[in-house]
Amino acid sequence: MIFFQNLKTKTVFICLLFFCIAVKAQKNAMAQTFYKHDKYLSSDKLEGRFPGTKGNNDAAVYIKKHFTKYGLKPFGNNYDQPFKLFVKEGINKMKSDSVSTQNVLGYLEGSDPDLKNEFIVIGAHYDHWGWGGKGSGSKKKDTLAIHNGADDNASGVAALLCILQETVKSKIKPKRSIIFIGFSGEEEGLLGSKYFVNHLPVKKEAVKVMLNMDMVGRLNAEKQIYMGGAGTFPDGVELMKKLGENSGLNPVIHAGEVGGSDHVSFYKASISCIGFHTGGHPQYHTPEDDIDLINSDGGALVTKYIYNALMAIANYEQIIYFIKQD
């Protein structure tokens with residue numbers, strides 16, 4: 001009897017050990033994927049991804065490649081939503097004050113016959129300040145150097161692509177449809193998200209919640225992920241608190257305080273939204289925001305948390321409606 005009890009205990013222990021190893025391997029795999037995406041998008045090759053440049057277009061191509069790989073459906077013939085924006089002539093070596101750029105978007109159809117007609121949007125901006133310089137948003141306007149934007153916002157796009165991969169691989173299929181989008185023109189005044197909200201590919205009332213990731217690659221020692229807008233849809237604050245349990249993170253949750261990134265465009269259009277970030281730092285909008293400062297293990301934790309939020313909201317049982325915050 002004692003032998004069998006010991007054998008049973010050993011078997012349980014071995015199973016738990018293998019489970020822990022598998023979970024750790026999964027986290028490490030996501031961290032590696034997060035790092036891979038961030039490293040490419042923040043490489044010197046892309047020259048800071050300023051709208052209208054080859055680097056910005058190359059970033060869009062990279063996003064589209066992964067949208068295709070994971071089977072997202074385009075709205076229309078391709079994933080591009082082109083638009084023009086105006087910049088001061090001479091900024092970032094531009095020869096014209098009117099440049100062409102694009103949002104990149106596709107969708108995953110929901111599994112529920114009725115709820116698939118409702119949409120959750122998840123996005124991140126992929127543009128940055130190029131070479132910086134006078135007239136740009138650089139904090140070092142006298143320094144002409146590539147602003148790689150590893151945290152701002154290659155990290156958000158890295159999380160977006162990791163979440164796309166997890167969503168497609170998951171056995172649990174979202175009931176609502178999900179739009180994945182990479183915005184351009186954020187740094188010039190949320191221009192890509194404003195354009196998207198004003199040119200939605202679906203009815204506005206069908207867009208229920210927008211999740212935005214901007215600077216999620218520098219998780220601090222306290223493991224704090226900050227978010228604003230959690231109170232803009234029913235039980236949002238409670239949901240985000242619940243998801244924080246056993247997540248390895250310490251979520252700092254605000255019902256309001258919507259903030260200053262692309263999700264604001266949705267909030268102003270009375271669409272529920274949450275903006276996620278891991279905090280500011282001295283390298284913000286400088287040439288020093290590079291890949292060697294990215295916390296990819298932290299990025300994986302943040303990505304998993306936001307993925308869980310996306311799936312929970314996409315499968316919400318209750319009706320989702322906009323709640324204005326003071």
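**Notebook: a predicted model, looked up piece by piece**

**Entry 1. Lysine 175**

I started with lysine 175, which has 27% relative accessibility and therefore counts as partly exposed. Buried means under 20% relative accessible area, exposed means over 50%, and partly exposed lies in between, with a 1.4 Å probe and protein chains only. I noted that this is a predicted model, in which local features need pLDDT of at least 70 and side-chain atom pairs count only at pLDDT 80 or more, while totals for chains, interfaces and linings use all residues. Residues are numbered from 1 along each chain as its sequence is written, and side-chain values use heavy atoms, with hydrogens and water left out.

Next I looked up the salt bridges, where a salt bridge is a side-chain nitrogen of Lys or Arg within 4 Å of a carboxyl oxygen of Asp or Glu. The count by this rule is 10. Lysine 175 forms one with glutamate 317, at 3.1 Å from N to O. This pair joins distant parts of the chain, 142 residues apart: lysine 175 is in the loop between helix 3 and strand 4, and glutamate 317 is in the segment after helix 7 (296–314). Helices (H or I, at least four residues) and strands (E, at least two) are DSSP runs, numbered from the N terminus. Glutamate 317 is exposed, because its relative accessible area is 66%.

Which residue does lysine 73 meet in a salt bridge? The partner is glutamate 109, at 3.4 Å from N to O. Lysine 73 sits in the loop between helix 2 and strand 1, glutamate 109 in the loop between strand 2 and strand 3, 36 residues away. I found both partly exposed: lysine 73 has a relative accessible area of 37%, and glutamate 109 has 39% relative accessibility. A network of salt bridges links Lys73, Glu109 and Lys116.

I then checked lysine 64 and aspartate 80, whose side chains form a salt bridge of 2.9 Å, N to O. Lysine 64 belongs to helix 2 (residues 54–69) and aspartate 80 to strand 1, so the pair ties together parts 16 residues apart in sequence. Aspartate 80 is partly exposed, at 28% relative accessibility.

**Entry 2. Glycine 110**

Is glycine 110 buried or exposed? I read 9% relative accessibility, so glycine 110 counts as buried. Its place is in the loop between strand 2 and strand 3. Leaving out residues up to four places away in sequence, glycine 110 touches Lys116, Pro174, Lys175, Arg176 and Ser177; contact means heavy atoms within 4.5 Å. I also looked at asparagine 315, 205 residues away along the chain, and its C-alpha atom is 9.4 Å from that of glycine 110.

**Entry 3. The sheet and its helices**

I traced an open sheet of 8 strands with mixed pairing, in the order 1-2-4-3-5-8-6-7. Two strands pair if DSSP finds at least two bridges between them. Strand 1 (80–86) and strand 7 (250–254) are at the edges with a single partner strand each, so one side of each has no neighbour in the sheet. From one strand to the next the twist averages 20°. Axes are lines fitted to C-alpha atoms, for helices over the stretch in contact, and angles run from 0 to 180 degrees between N-to-C directions.

Strand 6 (residues 224–228) pairs with strand 7 in the parallel sense over 5 bridges. Helix 5 (residues 236–244) packs on the sheet and touches strands 6, 7 and 8 (272–277), with its direction at about 175° to that of strand 7.

I also looked up helix 3 (residues 150–169), where 18 of the 20 residues are buried.

**Entry 4. Aromatic rings**

Rings of Phe, Tyr and Trp (its six-membered ring) pair if their centres lie within 6.5 Å; planes under 30 degrees apart count as stacked, over 60 as edge-to-face and the rest as tilted. I got 12 aromatic pairs by this rule. One of them, tyrosine 40 with tyrosine 62, is stacked, with 4.5 Å centre to centre and 20° between the planes. Tyrosine 40 lies in helix 1 (residues 2–41) and tyrosine 62 in helix 2, so the pair ties together parts 22 residues apart in sequence. Tyrosine 40 is partly exposed at 23% relative accessibility, whereas tyrosine 62 is buried at 9%.

Phenylalanine 50 and tryptophan 129 have ring centres 6.2 Å apart and planes at 40°, so this pair is tilted.
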